[in-house]
Each structure stands twice: as C-alpha cells, then as structure tokens.
Amino acid sequence: MLNIVLFGPPGAGKGTQSEKIIAAYDLTHLSTGDLFRKHLGEGTELGLLAKKYMDQGHLVPDEVVIKMVEHKISSTTHSKGFIFDGFPRTTAQAEALDAMLQEHDMHISGMVALEVPQEILKERIKERGKTSGRSDDQDEEKVKTRIQVYVDETLPVANYYKNQGKLHQINGVGKIDEIFTQISSIIDSL
Ligand code: AMP
C-alpha cells in the first residue's frame, strides 16, 4: 500500500500531478475539492453546505470534510493505495486521517509538497479560471483569501508530517514532466 499526501497551495499543480501519479502507480485519487464539486453538481445537501465556504475561499469545517473522506476510504475496495489531493488541510484533518488509516491497517507513506511562489500561483489560477468554470478561480479577492487561508491554516500540516520524517519538498515551478520525474523518484524511494 502506497498512501501519498500531495501537498501545496492552490494552483501548485496538485491536480495535474495527481493525474500523472495515478496513471503511473495505479492509485486511487482522493481529492476533497473534486468530491465537493461533484456533490455541488448533484445538488446534494453536503454540496450545498460546502458551497457556502467554497464561494468565500474558506475551508469547509473539519468534521464535514473528515466524514466525507472516511466514507470514501471505507467504500473503496481493491485499491493499491490513495493519493490525497487537497487533504489534509488542517492539523485536525491530518490527525483524523492517521486515525482512520490505522483502523484500516494503513498509514501515510509520505508527503510530497510542491513549492510555488505566490505571484506565480495567482497567475496560474487566473489562467485556469478561463477554462475551469470554477467561480473561486475567477475572482481575485477569493484567490487572495484562499492563499491566505493556506498560509494560516494549511501550512502547519507540512510540519505535522515533517515531525514524522515524512515531508519531501520539491520545486513546483518548471516543466510538468520534470516535476513529475522528481515526484516519481521520491515515491520510488518510499
Ligand atoms: P481545491 O479544489 O482543493 O482547491 O478545493 C476547493 C475548495 O474546496 C477549497 O477552497 C475549500 O473551500 C474546499 N475544500 C477542499 N478540500 C478541503 C479540505 N481538505 N478542507 C476544507 N475545505 C476544503
């Protein structure tokens, strides 16, 4: 079992790199942002609840996210492992993830953290907003809030994994394939 946390600010390239990792390592993609957008598209109660936070660029409350992830992990069978994308985003989520993995006799193999300067993030998200259809990509104020929320609430999660000796940082600026090569060599060393 290979369970990877792909970590980084909004616009760091987590979605893009996740796709490549899944294709190469046959892992199950668990993107909490994608799951919320799916719920939103289906008009579920959870989707409507999440929308209030997503529209503001704020985090959906921990208990809501954790319950959704628990459900996804429990309902996934025959998996070679998970790639966690956009989760955990708070230390409480990271602790909850460790606890739920333990219940399934699993653990996090490592965290890969993509590092990208804020100015480049803003440019990338603006570009993505032209085609993603995501309202939270198209409003500069919301993008600013999301990056600030990342700095204030999500960055401490890197320390959580660092303290466990599981943090692997890489430069997230460059060619997609070159970044993927670096990610692969980390995954292969786990
Ligand atoms: P993303 O697609 O990962 O950029 O997530 C889009 C939005 O979904 C975020 O701005 C949050 O509002 C919400 N979201 C996604 N993942 C989480 C999470 N792990 N914790 C709290 N909120 C989340």
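**Entry 1: α2 against α4.** I began with helix α2 (residues 32–42) and helix α4 (residues 62–74), which pack at an angle of about 90° with their axes 11 Å apart. This is a predicted model, so I keep that in mind for every value below. Angles from 65 to 115 degrees count as roughly perpendicular, and α2 and α4 are therefore roughly perpendicular to each other. Next I looked up who touches whom: T32, L35, F36 and H39 in α2 meet V64, V65, M68 and V69 in α4. I sorted the residues of this α2–α4 contact by class and got six nonpolar, two polar and no charged.

**Entry 2: α2 against α3.** I stayed with α2 and turned to helix α3 (residues 45–54). Their axes come within 8 Å and cross at roughly 120°. α2 and α3 are therefore oblique to each other. I also noted the hand of the α2–α3 crossing, which is left-handed. On the α2 side I listed G33, F36, R37, H39 and L40, and on the α3 side L46, G47, L48, A50, K51 and M54. The residues of this contact of α2 with α3 divide into six nonpolar, three polar and two charged.

**Entry 3: α6 against α8.** I noted a right-handed crossing where α6 passes α8. From α6, the contact uses Q118, L121, K122, I125 and R128, and from α8 it uses V143, K144, R146, I147 and V151. By class I have five nonpolar, one polar and four charged residues in the contact of α6 with α8.

**Entry 4: the ligand.** Which residues are the closest to the ligand? I found 15 residues surrounding the ligand, the closest being T32, R37, H58, G86 and R89. T32 was already in my notes from the contact of α2 with α4, and R37 from the contact of α2 with α3. I then checked individual atom pairs. For R37, a polar side-chain atom lies 2.9 Å from an oxygen atom of the ligand. The backbone takes part too: a polar backbone atom of G86 is 2.9 Å from a nitrogen atom of the ligand. For V60, I read 3.0 Å between a polar backbone atom and a nitrogen atom of the ligand.

Entry 5: I finished with a pass over the backbone. Most residues other than glycine have a negative phi, and most peptide bonds are trans. Where are the exceptions I wrote down? I placed P88 in the loop between β3 (82–85) and α5 (91–103). The other entry is H78, which has a positive phi of about 55° although it is not a glycine. I found H78 in the loop between α4 and β3.

Note on methods: Residues are numbered from 1 along each chain as its sequence is written. This is a predicted model: local features need pLDDT of at least 70, side-chain atom pairs count only at pLDDT 80 or more; totals for chains, interfaces and linings use all residues. Side-chain values use heavy atoms; hydrogens and water are left out. A crossing is left-handed if the near helix is turned anticlockwise from the far one by less than a right angle, and right-handed if clockwise. Helices (H or I, at least four residues) and strands (E, at least two) are DSSP runs, numbered from the N terminus. Contact means heavy atoms within 4.5 Å. Ala, Val, Leu, Ile, Met, Phe, Trp, Tyr, Cys and Pro count as nonpolar, Asp, Glu, Lys and Arg as charged, and the others, Gly among them, as polar. A residue is near a molecule or strand if one of its heavy atoms lies within 4 Å of it. A polar contact is a pair of N or O atoms within 3.5 Å; within protein, one must be able to donate a hydrogen and the other to accept it, and residues adjacent in sequence count only if both atoms are side-chain atoms. Axes are lines fitted to C-alpha atoms, for helices over the stretch in contact, and angles run from 0 to 180 degrees between N-to-C directions. Angles under 35 degrees count as roughly parallel, over 145 as roughly antiparallel, 65 to 115 as roughly perpendicular and the rest as oblique.
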